[in-house]
Amino acid sequence: MKKLFFLFAAACIIASCSKNDPFNTGQFSPDAFKKGMPLNVPVIVVPPDEDGDGDDTEELMAAFADAEPGSVIKLLPGVYHTGVMELYGFRGKIIGAGKDKTIIIPSGPIDGSAQIDDRNLLTSWWRIIGGDLTVSDLTFKTGDGPLISDVDSYSGTQGLLVALCVNNYNADYYLNDPPFMNFTLKNVKISCGLFDDPSLGFYQTAYNVLMALWIGADCFWPPEEGIKLTKGNYNVTDCCFENGYDGLEFFSFGENATGIVDKIKTNNCGFGIYMTANYSSRIFITNSIFSNSTINDITIEDADWGLLYNIKSLNRCQFKLTGNKFNVSNPISSVVFRDYYVIQDQAEKWPMQAMLKGNLFSLSEGSTGISAWNSQDIQIRNNHFAGLCDAGIIVDGQEITLYNLDYSVMAEGTPWAKNALILGNNFSSLKPGTAAVVLGEKSMNCTVIGTGKEKVLDLGEGNRVTGMKKVRGGHHFGPAIRDNFRMHRGMRPH
């Protein structure tokens, strides 16, 4: 933290001594409100590359240090170059001229070991910790090829773990008493890059960024006292994510955290959205478009992979997915829910609670619309399924193995998927290879109500099927569990 304050102070001195001051401090004109800008607030304008050195890091750091609470850091059209940027407790706005108009790119390779080994932080390009902040109307673009200065000993690549890292605390900021945080990312694109050789990227893929946007615990290894759950309101709206292994990830949300993802677009990501280890929180994914994902469009799990070993959930984490469109071009499961902790005492970790309603799935050969593994009480209602697929909906138990920090087995088994309600879905434009709905051998007490034309494969116990044609089948249905990077010794558990 002392180092950070020193950097801020030094940047301010440099800026004040500059012959051509890059900061224009003032207020917006009265007609600014019509353009969606705030009124009567301090404004610091930072032009791109004002001093001609090709690096805007010092100028931006000085602007943040100079800003009083509620200020706007205004970025102009053009290309900005920055190294690692760290904002702690900032209260205000960062506003660009628009996506693909204000573009921020790395000024050079990032030193990953300085963040991991020296500070136990995630290797990140931009880090925003604490405060009340809105970032809007700009593009973060990493470029292709290597992003860190040397091969990372944990991942074996020169890829970057996180492009934009957000949380309410870390080791340098209110570690013992984390504050509530408000964060909004609006009309922002995070465009990650690729390696020419797929073997150079994460997990033998071409992706050179593991997580484009990470909101959650900012630590590489859990501290001795354990990770504290994230607190705050986190809104991601009208944003685009492309070419990231994960487009957007929520991790470690707690009972005092709410996440809203609205009107985003993901393209050519491994996972459009990946979420896990969120307990007793409320998360909404609405009105978004997912295209060309290579692993899943959305994966939502509850495993903490041994990182949150000191956490007990107070109640069920709630997920609601409504009004989304999934353009599936690969043989994948589009939306995956997977409960792990149903094999343990629910007093420790409650099962997730999920509703998927009013979503549109355009599927391709070999794909699946919704896979609910080990889900309890999931509701799948009024969704529309079209195209070729293996199945529109799968509900089944799936073998689970959990690992602790020593990577020895904690618990294992194949739990039941129970009490799913599948109602009002439209399969009229779907051509499934197996059935519109598959209730697997480890499904129990599920209810499926159709219109009389759809086919259902029911292999479970105590399920109730109305208005659907039953078909025979006996093979074990469903995709293989992905090679989860959290399970490998020597690799960062996140």
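The charged end of Lys349 sits over the ring of Tyr341, at 5.0 Å from the ring centre, and also over the ring of Tyr279, at 5.3 Å; a charge is taken to sit over a ring if NZ of Lys or CZ of Arg is within 6 Å of the ring centre and within 35 degrees of the ring normal. The model is predicted, with local features needing pLDDT of at least 70 and side-chain atom pairs counted only at pLDDT 80 or more, while totals for chains, interfaces and linings use all residues. Residues are numbered from 1 along each chain as its sequence is written, and side-chain values use heavy atoms, with hydrogens and water left out.

The structure holds 21 aromatic pairs, where rings of Phe, Tyr and Trp (its six-membered ring) pair if their centres lie within 6.5 Å, with planes under 30 degrees apart counted as stacked, over 60 as edge-to-face and the rest as tilted. Two of these pairs are listed here.

| Pair | Class | Centre to centre | Angle between planes |
|---|---|---|---|
| Tyr154 and Phe220 | tilted | 4.6 Å | 55° |
| Phe326 and Phe361 | stacked | 4.6 Å | 10° |

Because Tyr154 lies in the loop between strands E9 (132-141) and E10 (160-167), and Phe220 in the loop between strands E12 (209-215) and E13 (230-237), their pair ties together parts that are 66 residues apart in sequence; strands (E, at least two residues) are DSSP runs, numbered from the N terminus. Tyr154 is partly exposed, at 23% relative accessible area, whereas Phe220 is buried, at 0% (buried means under 20%, exposed over 50%, partly exposed in between, with a 1.4 Å probe and protein chains only).

Phe326 and Phe361 are both buried. Phe202, Tyr203, Tyr207, Tyr245, Phe271 and Tyr274 form one aromatic cluster.

Conventions: Helix = DSSP H or I, 4+ residues; strand = E, 2+ residues; numbered from the N terminus.
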